[in-house]
Amino acid sequence: MRIGLACPYSWDVPGGVQVHVHDLAETLLRQGHDVSVITPVDDEDLLPPYAVSAGKAMSVPYNGSVTRILFGPLSASRVRRWVREGSFDVVHAHEPTAPSVSLLACLAASGPLVATYHTSNPRSRILTMLQGPLQLALEKVWANIAVSEAARRTVVEHLGVDAVLIPNGVDVAAFAAASPLPELASSRPTIVFVGRIDEPRKGLAVLLEALPMIATAVPDVRLLVAGPGDVSEVEAELDPAIRDRVHMLGLVSDADKPRVFRSADVYVAPNTGQESFGIVLLEAMAAGTPVVASDIDAFRRVLDDGRAGRLFANENPASLAEVMIEVLTSPDIRRDLAEAGSKVVQQYDWSSVAVEIVQVYETVTQDPMLQD
């Protein structure tokens, strides 16, 4: 099957949707499909052979963050050419409500069209401005996928259509086989945070507020912080009492991310909201790292209501500290959480998730009722 994947966000900026599109493309290629991806990108040298550039992205506020997207006449022309020359059996647009390449792909498509929704988000001013083209685009979609119940609820409530639930995937074997980074080796109890350090909803501020409380019970504790953002700004605001415990790693490569998880005793996700799934939780579990996370709905679902990872009260540093102390001081708890996480994450392996997605492709390309 010849499949065209449209990614709305800049390929060279870390993000869950970009990772999803990349991993889906790689899995489909291994399964023997012919795949092409179109995406915004600033540095075309970073694109894999199967991807093409729609142009350089621009930064705009979107979904509680600053997102790099692309929308305009030149990018629309490139997307139309990609659709025309690709002769795809199916076009798969990810996050088509974002004013970017996926929306343009929907407008350009003339055959089987699938849309995947990743986020839980109320309507924004940008979406209101684009209501006309958005309605035209979504009317052309033949089948809808949501990666989580929260994303599906958003689709139903705000777009008036339903979607089949197919979760995000993770390459379990790649994370499980990773080894710790030698430069991070230490006998000290180690917590790791992975996420944008300058995005408030990722919750780093909550974790840093909890760290002094954790240190009173776990004197040697250290925190590894991995992710893009202004490191110097975070370091300047650190409490002097914990400054020597916090190690800023900056942006880590996709190849090193599993090794960062493996270098820690516990992964913590203090995200405060606007998360529809929690792919980073799956990655940590696949790496065999115990997970502690805020009790937002998306995380609670991924962690099997606290059985595959410990939950703490959202935006509550004291609750985070209490749970983290319990986990860090008990090897038995860490072992049990790692084992439970390893079992839960198997259902999210890409080898299974991609099969469900291909079944949707086959439905829209073979069902005569959809062809009418």
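Two strands count as paired here if DSSP finds at least two bridges between them, and helices (H or I, at least four residues) and strands (E, at least two) are DSSP runs, numbered from the N terminus. The model is a predicted one, so local features need pLDDT of at least 70 and side-chain atom pairs count only at pLDDT 80 or more, while totals for chains, interfaces and linings use all residues. Residues are numbered from 1 along each chain as its sequence is written, and side-chain values use heavy atoms, with hydrogens and water left out.

**View 1. The S2–S3 end of the seven-stranded sheet.** Strand S2 (residues 34-39) pairs with S3 in the parallel sense, over 3 bridges. Zoom in on Val37 and you'll find its bridge partner in S3, Ala51. The whole open sheet has 7 strands in the order S3-S2-S1-S6-S7-S8-S9, with parallel pairing. Strand S3 (51-53) and strand S9 (164-165) stand at the edges with a single partner strand each, so one side of each has no neighbour in the sheet. In the loop between S2 and S3 sits Pro49. Is Pro49 buried or exposed? Pro49 is exposed, at a relative accessible area of 88%; the cut-offs are under 20% for buried and over 50% for exposed, with partly exposed in between (1.4 Å probe, protein chains only). From Pro49 back to Val37 is 12 residues in sequence and 9.5 Å in space, C-alpha to C-alpha.

**View 2. Helix H3 lying across the sheet.** H3 lies across strand S1 (2-6), S2, strand S6 (90-94) and strand S7 (113-117), and runs at about 150 degrees to S6. For such angles, axes are lines fitted to C-alpha atoms, for helices over the stretch in contact, and the values run from 0 to 180 degrees between N-to-C directions. Helix H6 (residues 149-159) packs on the sheet too, touching S7, strand S8 (143-146) and S9, and its direction makes about 115 degrees with that of S7. Contact, for the record, means heavy atoms within 4.5 Å. H3 is mostly covered, with 6 of its 8 residues buried: Val101, Ser102, Leu103, Leu104, Ala105 and Cys106.

**View 3. Ser102, inside H3.** Ser102 belongs to helix H3 (residues 101-108). Its relative accessible area is 0%, so Ser102 is buried. What does Ser102 touch, not counting residues up to four places away in sequence? Its contacts are Ala6, Cys7, Pro8, Ala93, His94, Glu95 and Pro96.

**View 4. Leu113 in strand S7.** Leu113 has its place in strand S7. With 0% relative accessibility, Leu113 counts as buried. Leaving out residues up to four places away in sequence, Leu113 touches Val91, Cys106, Ala137, Lys140, Val141, Trp142 and Ala143. Val161 is 48 residues from Leu113 in sequence and 15 Å from it in space, C-alpha to C-alpha.

**View 5. The six-stranded sheet and strand S13.** Here 6 strands form an open sheet in the order S12-S11-S10-S13-S14-S15, and the pairing is parallel. Strand S12 (246-250) and strand S15 (310-312) stand at its edges, each with a single partner strand, so one side of each is left without a neighbour in the sheet. The twist averages 25 degrees from one strand to the next. H8 packs on this sheet, touching S10, strand S11 (222-226), S12 and S13, and its direction makes about 170 degrees with that of S11. Strand S10 (residues 190-194) pairs with S13 in the parallel sense over 2 bridges, and Ile191 has Val266 as its bridge partner in S13. S13 also pairs with strand S14 (residues 291-294), again in the parallel sense, over 3 bridges; Val268 has Val292 as its bridge partner in S14. Within strand S13 (residues 266-269), Val266 and Val268 point one way and Tyr267 and Ala269 the other way, and all are buried.

**View 6. The second largest pocket.** This pocket has a volume of about 340 Å³. Of its 15 lining residues, the closest to the centre are Ile197, Leu204, Ala205, Val234 and Glu237. A pocket is an open set of points on a 1 Å grid over the protein atoms alone where a 1.4 Å probe fits, with protein on both sides within 12 Å along at least five of seven lines, and lining residues have an atom within 4 Å of a point. Helix H8 (204-217) and helix H9 (231-236) each supply at least two residues of the lining, and the largest share, 4 residues, comes from H8.

Definitions and conventions:
Grid points are joined across faces, edges and corners, and a volume is the space filled by probe spheres set on the points.
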